[in-house]
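Hi there,

I'm passing a structure on to you, with some notes on what turned up in it. Please open it and keep it beside you as you read.

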Amino acid sequence: TAHAATYGDVAACAAGSTTPALLAWFDGLKDRKGKLRLELFPSNDQDFLADDFLLEKAGKPFRRIELATPAAGPVAICIRAPGPGRYSFAMIHDRDGKRKFTFSSDGIGFPGNPKLGWSKPKAAKATATLGDGVTEIHVRLNYFSGIGFSPIKEK
């Protein structure tokens, strides 16, 4: 289903679209500062979260959608995939807008909502399989809380 609150590759997530795409809902935002980013990577540990310049230079799939964090309402970003298949994704709340992950302030989430420790999850734990059309997921963002990363406690 298409949603009015969608950002990014909106046409790819329109009702009836046969374009392989991921509609990712950003759940548990800490606040409305900075930017939100959704990134698509090859689904293997070597390429997952690798430098986008190196991935593109090697002809490997990589896509990024970035936008200012909307002031209110639910947030879903649509990202078009190069084709059907398995991809790993990272969802980042870049609260300070530095375009570089800052452990103390930024939030991060992955498909499947793996429990996060101090290291990046394995690519297989951050994967979504896309077919022809839209695959929709909800991802709970995690923020640093002194002993590691975890979702914000609901008030």
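Which backbone oxygen lies 2.8 Å from a polar atom of the side chain of Arg63? It is the backbone oxygen of Arg80. Before going on, please note that this is a predicted model, where local features need pLDDT of at least 70 and side-chain atom pairs count only at pLDDT 80 or more, while totals for chains, interfaces and linings use all residues. Residues are numbered from 1 along each chain as its sequence is written, and side-chain values use heavy atoms, with hydrogens and water left out.

**Around Arg63**

Arg63 sits in strand S4, residues 63-68 (strands are DSSP runs of E, at least two residues, numbered from the N terminus). Its side chain also makes a polar contact with the side chain of Asp9, at 2.5 Å (a pair of N or O atoms within 3.5 Å, one able to donate a hydrogen and the other to accept it; residues adjacent in sequence count only if both atoms are side-chain atoms). Leaving aside residues up to four places away in sequence, Arg63 touches Asp9, Leu38, Glu39, Leu40, Ile79 and Arg80 (heavy atoms within 4.5 Å).

**The sheet**

An open sheet is formed by 4 strands in the order S1-S5-S2-S9, with mixed pairing (two strands pair if DSSP finds at least two bridges between them). Strands S1 (6-8) and S9 (134-140) stand at the edges with a single partner strand each, so one side of each has no neighbour in the sheet. Strand S2 (residues 21-27) and strand S5 (residues 76-80) run antiparallel and are joined by 5 bridges. Leu22 has Ile79 as its bridge partner in S5.
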